[in-house]
Amino acid sequence: MLRERIQASNYSFLDKLRSIDYLLILLIIAIGSISVFAIYSTEGGKFSFYTKNHIIRLSVFFSLFLALSFVRVSTWYKNAYLFYIIGLILLLIVLFFGISASGATRWINLYFLNLQPSELMKIAVIICFARYYHRIQSSDIQSYKFLIQPIILLIIPCYLVIQQPDLGTSILIAGSGIAIIWLAGLNIKYFVYSGLLLLVSLPFAISILKPYQKSRILTFFNPDRDPLGAGYQIIQSKIAIGSGGFFGKGFLKGTQSYLEFLPEKHTDFIFTLFSEEFGFLGSIILLFLYILLIYRIINVGLVSRSFFAKLYCFGFATAIFLYVFVNIAMVLGMLPIVGAPLPIMSYGGSSLLSIMLGLSIVMSCKIYNQEQISVY
Amino acid sequence: MLNRGRNIEKGRVITRRMFILAAAKILLFAGISSRLYNLQISDREKYEILSDKNRIREWKTPPQRGIIVDNFNKVLASNDRVFQLHLMLDEINDFDLTIFKIKNLIELDNFQVKKLYKKKERLKPWDTLVVSDNLTWEQFSKINLYLHELEGAKPVLSTSRFYPYANDLVHVVGYVGDASPKDLEKTEIKENFVPGLKVGKYGIENSQEKILIGNYGIKRYEVNASGKRISQIDYIKERQGNKVKLTIDIEIQKYAQELLKGKAGSICAMDIYTGEVVAMASSPTYDPNKFTHGINQKDWQEIRNNSLKPLINKSIAGLYSPGSTFKPLVALAALEYGILDPNKTIRCKGHKHPYELYGVKYHCWKKEGHGYMKLRNAIKQSCDIYFYEMARLLGVDKLSIIAKRYGLGTNVLGDLYNDEKNGLVPDTRWKRRELEQSWYLGETVINGIGQGYIQTTPLQLCLMTAQIANGGYKIKPHIIKDDTINYKDVINKIKLDQSNFPLHERNYLDDINVQYYQRMYHKKSNINFVLDAMFGSTNEQYGTSYRSRFDDPKYQFAGKTGTSQVRRITDLDRELDLDTEQIEYKKRDHALYIAFAPYKDPRYAISVIIEHGGSGSKAAAPLASKLIKKIIDRHKLREQFNKGNTSLA
């Protein structure tokens with residue numbers, strides 16, 4: 001065991017380069033380039049503010065991703081709880097000093113970037129849980145003592161994020177956390193019971209929701225309830241996607257978006273714009289790229305030795321899946337409109353940063369996949 | 001080692017759970033893909049339409065109305081250039097301010113401003129509000145001067161209906177105005193409507209809407225979500241409505257209108273072979289141009305409160321007892337049914353010895369009586385006594401058959417005018433059905449002199465005269481030039497039949513459905529007898545319209561006067577025997593006259609009615625005489641013009 005640890009720490013730089021998952025990098029570059037075109041299109045084919053910003057962020061965060069990929073996975077492991085605590089502190093700062101936009105307080109002004117800590121929290125929860133379950137014996141997992149801790153760890157950030165209010169991110173944080181609990185091997189009955197409990201308590205939960213959240217959910221079930229108000233986004237998004245057809249309307253020719261019928265086309269509805277312009281074919285290709293990305297991340301987990309790396313990669317893959325699924329299902333009108341950006345594609349620094357950060361940990365798992373991490 | 005075993009177990013659990021999750025992910029992605037397929041492939045068309053609906057907005061451009069011309073292609077209703085001010089509502093930020101500025105510029109009053117606000121409420125936020133559809137040149141230039149201060153204001157050069165002959169034709173052509181909700185129910189208007197479009201309100205303008213209205217144009221613009229126009233995609237040009245050609249001769253119409261000036265009444269003139277209405281004047285009249293941009297209250301009240309009722313088209317909507325103008329038809333009926341030998345002599349003994357039937361006395365109009373009368377003289381001098389007796393012998397039912405056959409009792413122009421009256425030709429069945437009473441012989445008697453229940457319109461009398469004058473042939477009266485009628489053929493056909501007659505005599509009396517241009521009489525000699533009597537009435541001494549005659553055979557006409565009572569004549573009236581001028585206007589008799597000309601080879605029939613004009617011979621016949629001269633003078637021109645036109649067609 002000691003020998004292996006020494007081995008791992010003695011990776012030569014060439015070895016490290018060799019073990020980089022180039023396909024993963026290629027996928028990131030591919031999705032990133034598509035996102036540049038999409039953002040460029042949201043500006044009506046003008047190379048201006050959003051496009052420039054997006055390109056700068058992409059290149060900065062991509063370099064950051066490459067750099068952080070060489071950080072040892074054990075370093076991530078050691079600092080996992082620290083990440084979580086930093087995330088929590090940032091969330092608390094948001095609570096008291098955050099800056100507001102359109103009725104929500106989600107950001108911290110960092111001058112060069114409005115940081116959205118809830119986005120970072122998505123990753124922090126995964127690292128934190130991966131570490132937590134890394135050291136717990138499989139025999140202890142089912143015990144209440146070890147179950148109650150992660151639940152508390154999950155409830156605190158979720159609660160803070162809901163307060164902002166940001167239901168979407170909160171659900172995504174909870175989703176990734178629960179995914180790791182699932183992966184760690186908690187008995188299925190817990191999931192079944194809590195699922196049932198959720199169903200039963202849903203009506204009560206809805207009743208305490210904010211009016212706008214309630215209206216979004218009601219609108220989801222019937223968009224025509226208020227076609228110019230709450231249902232507008234879903235209806236216009238479906239029109240845009242549907243009218244794209246098989247080949248799409250063509251690059252820069254999405255009438256729904258350049259005539260400003262589409263809301264939030266840079267962020268949550270970027271897929272709508274893409275799908276309008278590139279049609280069914282483009283959408284399926286993009287979806288396929290995401291599937292490949294998820295597959296590659298899972299693959300890293302499979303070849304990793306440590307539970308931490310496995311749990312983290314599988315958890316992060318599930319989180320990516322959740323982001324993609326929730327976002328696309330939302331713009332297709334299959335889920336209520338909750339703020340959820342599409343990874344890499346959507347314009348937004350924090351979301352991009354957290355995804356890149358998460359990917360760099362995945363890459364580090366890949367590079368140091370033979371590294372054993374002590375349970376203690 | 002235990003630890004190691006546990007670790008292997010834990011690794012397996014994690015991997016297994018991961019695969020379960022992966023399976024779920026694949027399922028969910030499949031769900032997304034199928035949804036994409038649904039939206040983009042199955043329902044593509046639906047969403048494409050919705051997307052176009054989003055981005056494309058149409059603005060309709062109004063069509064020009066078709067013009068209306070007379071027989072000689074003189075324009076009776078045209079489209080004149082007007083200056084208008086439109087407001088593009090989607091370009092205005094502060095509507096109140098804009099209206100305020102416009103109000104001061106073109107001096108709108110508060111009432112008009114209120115109206116504009118009301119109008120705006122009915123429009124969509126991207127529609128065009130027509131502030132004024134008829135600006136003066138000064139207003140228009142002022143608007144142009146301050147245009148930069150008026151957001152959304154658009155000075156427009158447009159067209160609007162103009163009637164060059166204004167008052168002379170309003171009862172024929174009608175007028176246009178803003179469409180009412182009722183107008184919008186008509187399909188031809190509903191399909192072609194554009195806000196601000198004027199539609200026909202009366203007459204030809206109204207009934208020929210389908211031809212005149214044209215088709216609107218469409219300007220398609222791409223708009224963004226806030227409704228701002230981005231680019232014009234498409235422009236389908238509007239189509240002007242088609243021309244409507246009338247059979248009216250505007251010169252004759254004008255003259256007829258002039259003859260009626262200051263009087264209430266009607267003059268109709270018709271071609272006795274072709275059935276073309278050459279003139280159809282009604283007096284008093286009003287200016288249709290005032291209605292185009294909405295008539296103002298003062299003018300409207302003036303028209304409405306005129307006691308001579310300018311709004312009533314007296315030629316077709318005025319109902320009058322035909323009075324003695326009915327007599328030729330009564331005589332014809334009696335002869336056709338063989339009721340009476342025209343040589344039968346009846347003595348008219350004057351007011352002292354009136355005609356008596358079951359104790360009721362029936363007077364002749366002539367106080368001192370006509371003396372011994374035969375039928376021809378009775379028509380010529382319009383002896384009532386002779387007709388009382390003849391009507392009694394004939395019976396009302398036979399009379400009504402002939403009267404209906406010659407054009408009374410049904411409207412003449414079909415559905416061309418929504419106010420045309422059917423008139424009334426009474427018979428015993430009618431009375432039983434409508435009044436639930438049996439017929440009295442006394443009613444037959446007064447029916448014989450065109451009084452009582454019988455009601456006719458001037459145009460019906462004109463048609464009746466025409467159909468007697470053409471030798472008893474049924475014609476198709478019309479006022480819109482009918483290309484399906486070959487006029488030359490029609491005339492030749494009737495004339496040929498006239499000359500051939502004795503060869504195929506048969507009983508036409510029972511023939512109910514007489515075809516157009518076929519004979520309606522039983523014996524030609526009967527028609528000729530009546531025509532000859534009418535000649536006598538005008539051209540022989542003692543004839544009732546002798547004073548209005550022409551001796552020149554070119555203009556020589558034959559006619560019949562009529563004086564229809566508007567109330568029962570009492571014994572006191574008879575004693576007083578007042579002149580027309582001495583009687584209160586409303587109680588004066590209507591003066592009527594029917595005629596055809598020229599007597600030899602007749603071509604035109606006319607009817608004249610002067611409401612409360614007194615006697616037909618004094619008030620109506622002189623007008624007829626003047627008009628006949630005009631018509632005959634223009635006949636050659638008309639003939640040549642029509643011939644030239646048919647050869648072109």
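**Aromatic pairs and the contact between the chains**

Reader: At what relative accessibility does A:Tyr40 count as partly exposed?
Author: This is a predicted model, in which local features need pLDDT of at least 70, side-chain atom pairs count only at pLDDT 80 or more, and totals for chains, interfaces and linings use all residues. Residues are numbered from 1 along each chain as its sequence is written, chains are lettered from A and ligands numbered from 1 in the order in which they are written, and side-chain values use heavy atoms, with hydrogens and water left out. Buried means under 20% relative accessible area and exposed over 50%, with partly exposed in between (1.4 Å probe, protein chains only). A:Tyr40 counts as partly exposed because its relative accessibility is 24%.

Reader: Which residue forms a stacked aromatic pair with A:Tyr40?
Author: Rings of Phe, Tyr and Trp (its six-membered ring) pair if their centres lie within 6.5 Å, and planes under 30 degrees apart count as stacked, over 60 as edge-to-face and the rest as tilted. The whole structure holds 44 aromatic pairs over all chains. In one of them the centres are 6.1 Å apart with 25° between the planes, and the partner of A:Tyr40 is A:Phe251.

Reader: How many residues apart are A:Tyr40 and A:Phe251?
Author: Helices (H or I, at least four residues) and strands (E, at least two) are DSSP runs, numbered from the N terminus. A:Tyr40 belongs to helix α3 (residues 22-42) of chain A, whereas A:Phe251 lies in the loop between α12 (232-244) and α13 (255-258) of chain A. The pair thus links distant parts of the chain, and its separation is 211 residues.

Reader: Which residue pairs edge-to-face with A:Tyr77?
Author: The two rings are 5.2 Å apart centre to centre, with 85° between the planes, and the partner of A:Tyr77 is A:Phe308. A:Tyr77 is in helix α5 (residues 73-78) of chain A, and 231 residues away, in helix α15 (residues 307-331) of chain A, sits A:Phe308.

Reader: How many salt bridges are counted between chain A and chain B?
Author: The contact (heavy atoms within 4.5 Å) takes 58 residues from chain A and 36 residues from chain B. A salt bridge is a side-chain nitrogen of Lys or Arg within 4 Å of a carboxyl oxygen of Asp or Glu. Between chain A and chain B the count of salt bridges is zero.
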